[in-house]
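Here are my notes on this one, written up as numbered points. Have a look at the helix packing and the nonpolar cores as you read.

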Amino acid sequence: MHSATTLTESSRPTVADFHRVNRGGGLFSESVSQWLGAVFALVAQRLGLKPTALTIMNLVLGLAASATVVALADRVAAGEVPAWAVGLVALVGWQVAYALDCADGQLARVTGQGSPAGARVDVLCDVAAQIALVTALGTVAVAQRPGTPVWLVAAFAGTWMVNLVTSVMQAGPNAASMVTSTSLPVRLAKLVRDYGAVIFVAGLVLTFVPALTFWVVVAFTVVNGGFLLASIAFSARASLR
């Protein structure tokens, strides 16, 4: 079995070797996105690509999928362009982009190519890709339901970043979890904050029932906003002990 962090010239890592060093993300991400990411990492290693190359691919693909949704949102709402075609672009594009995001870290850890600069690029590209995704969902919500309040779209965009911020905080030495149980019922409940699962649901909605995008925006504003408040209370309580 290969080491999780080193790779000699003669080593031939497998998909399982790459998946073994994944950083989780939730039940869906670990079962789907991280495995697909391991395949991408293996291919990249065989081609001699650097982890940052996968990071940039993630950014480009994520931006392209979101830009397509934004550009065609009004035409989809007007019935001029089939929703399923645009939705599939989003569904597939976002999933593959996220798998590439999983792959860059796996490749860096297995091949020992990780660096502070690479980690910064990864976070910055994640921010850019998620801004584009939120813009896409907000645009569709407004196109499908013109009366959508501006404050709701703003709150949705702001609270969406809670996932990214808390993920970065969890990577440090002072990380802590409000719910430490790894039981199946708990992991199923946590799917609502599993990025891979969330963008999968969002892609399905855009493909089959784009009119429900408004309610996707409402639901995730409530979920992420609630998690933010709970996290503040959890951290404040710990700091006052």
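1. A word on terms before the details: contact here means heavy atoms within 4.5 Å. Keep in mind, too, that this is a predicted model.

2. Let's start with α2 and α4. On the α2 side, the residues that meet α4 are Phe-28, Ser-29, Ser-33, Gln-34, Leu-36, Gly-37, Ala-38, Phe-40, Ala-41, Ala-44 and Gln-45. Their partners in α4 are Gln-95, Val-96, Tyr-98, Ala-99, Leu-100, Cys-102, Ala-103, Gln-106, Leu-107 and Thr-111. Sorted by type, the residues of this contact come out as 13 nonpolar and eight polar, with no charged ones.

3. Now the geometry of that pair. Helix α2 covers residues 27-47 and helix α4 covers residues 83-111; they pack at an angle of about 60°, and their axes are 7 Å apart. So α2 is oblique to α4. The crossing of α2 past α4 is right-handed.

4. What does α2 do with α8? Their axes come within 7 Å and cross at roughly 80°, which means that α2 is roughly perpendicular to α8. Phe-28, Ser-29 and Ser-33 of α2 meet Tyr-195, Gly-196, Ala-197 and Phe-200 of α8.

5. The largest nonpolar core has 33 residues, and the ones with the most contacts inside it are Val-69, Trp-94, Leu-133, Leu-137, Phe-156, Trp-160 and Leu-206. At least two residues each come from α3, α4, α5 (116-144), α6 (150-170), α8 (195-208) and α9 (213-239). The largest share, seven residues, is supplied by α5.

6. Trp-94 deserves a click in your viewer. Setting aside neighbours within four places in sequence, Trp-94 is in contact with Gly-62, Ala-65, Ser-66, Val-89, Leu-133, Ala-136, Leu-137, Ile-199, Ala-202, Gly-203 and Leu-206.

7. Last, Leu-59, in helix α3 (residues 51-77). Is Leu-59 buried or exposed? Its relative accessible area is 17%, so Leu-59 is buried, given that buried means under 20%. Leaving out neighbours within four places in sequence, Leu-59 is in contact with Cys-125, Ala-128 and Ala-129. Leu-59 and Asp-101 are 42 residues apart in sequence, yet 8.5 Å apart in space, C-alpha to C-alpha.

Note on methods: Residues numbered from 1 in each chain as written. Predicted model: local features only at pLDDT ≥ 70, side-chain atom pairs only at ≥ 80, totals over all residues. Heavy atoms only, no water. Axes fitted to C-alpha atoms, helices over the stretch in contact; angles between N-to-C directions. Helix = DSSP H or I, 4+ residues; strand = E, 2+ residues; numbered from the N terminus. Parallel < 35°, antiparallel > 145°, perpendicular 65-115°, else oblique. Left-handed = near helix turned anticlockwise from the far one by under 90°. Nonpolar A, V, L, I, M, F, W, Y, C, P; charged D, E, K, R; others polar. Buried < 20%, exposed > 50% of the residue type's maximum accessible area, 1.4 Å probe, protein only. Core = buried A, V, L, I, M, F, W, Y, C linked by side-chain atoms within 4.5 Å.
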